[in-house]
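Thanks for asking me to look this one over. Here are my notes, in the order I would read them with the model open.

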Amino acid sequence: MAAPSGRSGRGLWGAVVAAAALLWLGARAAEGPSAAEFDVRPGGEVHSFSRSLGDYTCTFTYSAQGGTNEQWQMIIGVSEDDLLFSCSVWRPQGKSYLFFTQFKAEVRGAKIEHAMAYSQAAVGGQSDVPLKQEEFEITETTVSHREGKFRFELSKLMIIAKTPRDEL
């Protein structure tokens, strides 16, 4: 089976590559992965949460409605050879019960190679449930909802980005 090319990272191959890369980055991170918990707050206002590690930054920006605050987590890591940067944002309890009106994850200092967004994160024997391809879009530096197509459910984002050192 041939691997798809481009930044989409969608489908089984993209999910396998992204998961393997995240595990590898977590095990071999030069500076060690950086994890932080934050509250995703409903109310319709736009909120952002950022973490940096060395020359790289990941920012999660969103607006959500309904329910109460949910505890989410962001983990970022840089590979030992400084060729890959990873950013994962998710609700550790699995499915979010908030109604997301928008979302965007942005990386600085690297270009996205693979990314995926999920309506449900794997917990308790359940599997990740990916968003449909038409619900979100991926550029060189962002993963974001697609206006009019996104169905308001988000529980996890995963990004694997190549650093400029790969181009030397």
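1. A word on conventions. This is a predicted model, in which local features need pLDDT of at least 70 and side-chain atom pairs count only at pLDDT 80 or more, while totals for chains, interfaces and linings use all residues. Residues are numbered from 1 along each chain as its sequence is written, and side-chain values use heavy atoms, with hydrogens and water left out.

2. Overall make-up. The protein chain has 1 helix and 11 strands, and its elements run α-β-β-β-β-β-β-β-β-β-β-β from the N terminus. Here helices (H or I, at least four residues) and strands (E, at least two) are DSSP runs, numbered from the N terminus.

3. Burial and surface. Of the 168 residues, 45% count as buried; buried means under 20% relative accessible area, exposed over 50%, and partly exposed in between (1.4 Å probe, protein chains only). The accessible surface of the chain comes to about 8,300 Å², with 50% of it belonging to carbon and sulfur atoms. These areas come from the Shrake-Rupley method with a 1.4 Å probe, and for residues only the protein chains shown count as cover.

4. Contacts along the chain. Among contacts with a separation of 6 or more, 67% are between residues 24 or more positions apart. A contact means heavy atoms within 4.5 Å.

5. The five-stranded sheet. An open sheet of 5 strands has the order β2-β3-β6-β10-β9, with antiparallel pairing. Its edge strands are β2 (47-53) and β9 (136-138), each pairing on one side only. Two strands pair if DSSP finds at least two bridges between them.

6. Around β10. On one side, β10 pairs with β9 in the antiparallel sense over 3 bridges, and the two form a hairpin with 3 residues between them. Phenylalanine 136 has histidine 145 of β10 as its bridge partner. Strand β6 (residues 99-108) also pairs with β10 in the antiparallel sense, over 3 bridges, and glutamate 106 stands opposite threonine 142 in β10.

7. The core. The largest nonpolar core holds 38 residues, of which Phe60, Phe100, Phe103 and Leu154 touch the most other members. Such a core is a set of buried Ala, Val, Leu, Ile, Met, Phe, Trp, Tyr and Cys residues joined through side-chain atoms within 4.5 Å. Beyond four places in sequence, the residues that phenylalanine 103 touches include Phe60, Ala117, Leu131, Phe136, Val143, His145 and Leu157.

8. Threonine 61. This residue lies in strand β3 (residues 56-65). Why does threonine 61 count as buried? It does so because its relative accessible area is 17%. Its side chain joins that of serine 48 through a polar contact of 2.8 Å; for a polar contact, N or O atoms must lie within 3.5 Å, within protein one must be able to donate a hydrogen and the other to accept it, and residues adjacent in sequence count only if both atoms are side-chain atoms.

9. Arginine 151. This one is found in the loop between β10 (142-145) and β11 (156-162). Arginine 151 counts as partly exposed because its relative accessibility is 41%. Leaving aside residues up to four places away in sequence, arginine 151 touches Lys132, Glu134 and Glu135.
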